[in-house]
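Subject: Structure handover

Hi,

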Amino acid sequence: QVQLVESGGGLVQAGGSLRLSCAASGHTFSSYHMGWFRQAPGKEREFVASISRSGGITYYTDSVKGRFTISRDNAKNTVSLQMNSLKPEDTAVYYCAAGYGSVNPPSSWGQGTQVTVSS
């Protein structure tokens with residue numbers, strides 16, 4: 001099973017940008033579909049974005065399309081989420097996820113990183 005560690009969260013003003021990174025170890029990274037989920041206070045965890053094993057196919061939830069970009073580097077065993085034009089409603093704990101057949105639902109989760117967007 002792959003181990004995942006996120007970094008890059010923080011506090012940003014509305015309209016600003018953050019880049020989240022996730023480092024993977026313990027298994028063949030390129031064998032996994034990767035994704036990002038988020039959970040806001042009092043809400044269920046929700047899918048944000050995913051990327052295929054080769055990086056050629058990406059999916060986004062409607063609320064982040066055009067603002068967020070997921071990417072991966074199989075040589076460095078990392079997946080990133082570039083978040084632009086952030087809104088207060090993007091405030092949540094963001095989780096990196098990995099799945100062998102599919103990333104939703106995933107087989108592995110990171111510990112999460114907090115993103116707070118102030119208005």
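The notes below cover the pocket, the aromatic pairs and one arginine.

Keep in mind that this is a predicted model.

**Pocket**

The largest pocket has a volume of about 150 Å³. Its lining includes His33, Met34, Phe47, Tyr59 and Asn104. Strands E4 (33-39) and E5 (46-51) each supply at least two lining residues. E5 gives the largest share, 3 residues. By class, the lining has 6 nonpolar, 5 polar and no charged residues.

**Aromatic pairs**

The whole structure holds 4 aromatic pairs. One of them is Tyr32 with Tyr100: ring centres are 5.9 Å apart and planes sit at 75°, so this pair is edge-to-face. Tyr32 is in the loop between E3 (18-25) and E4, and Tyr100 is in the loop between E9 (92-99) and E10 (108-109), so the contact ties together parts 68 residues apart in sequence. Tyr32 is buried, at 6% relative accessible area. Tyr100 is exposed, at 53%.

Tyr95 and Trp109 also pair edge-to-face, with centres 6.2 Å apart and planes at 80°. Tyr95 lies in E9 and Trp109 in E10, so this pair links parts 14 residues apart in sequence. Tyr95 is buried, at 12% relative accessibility. Trp109 is partly exposed, at 36%.

**Cluster and arginine**

Phe37, Phe47, Tyr95 and Trp109 form one aromatic cluster. Where does the charged end of Arg45 sit? It lies over the ring of Tyr95, 3.7 Å from the ring centre. The charged end of Arg45 also sits over the ring of Trp109, 4.4 Å from its centre.

Best wishes

Conventions
Residues numbered from 1 in each chain as written. Predicted model: local features only at pLDDT ≥ 70, side-chain atom pairs only at ≥ 80, totals over all residues. Heavy atoms only, no water. 1 Å grid on protein atoms, 1.4 Å probe; cavity = no way out; pocket = protein on both sides within 12 Å on 5 of 7 lines; lining within 4 Å. Points joined across faces, edges and corners; volume = space filled by probe spheres on them. Helix = DSSP H or I, 4+ residues; strand = E, 2+ residues; numbered from the N terminus. Nonpolar A, V, L, I, M, F, W, Y, C, P; charged D, E, K, R; others polar. Phe/Tyr/Trp six-rings, centres within 6.5 Å; stacked < 30°, edge-to-face > 60°. Buried < 20%, exposed > 50% of the residue type's maximum accessible area, 1.4 Å probe, protein only. Lys NZ or Arg CZ within 6 Å of the ring centre and 35° of its normal.
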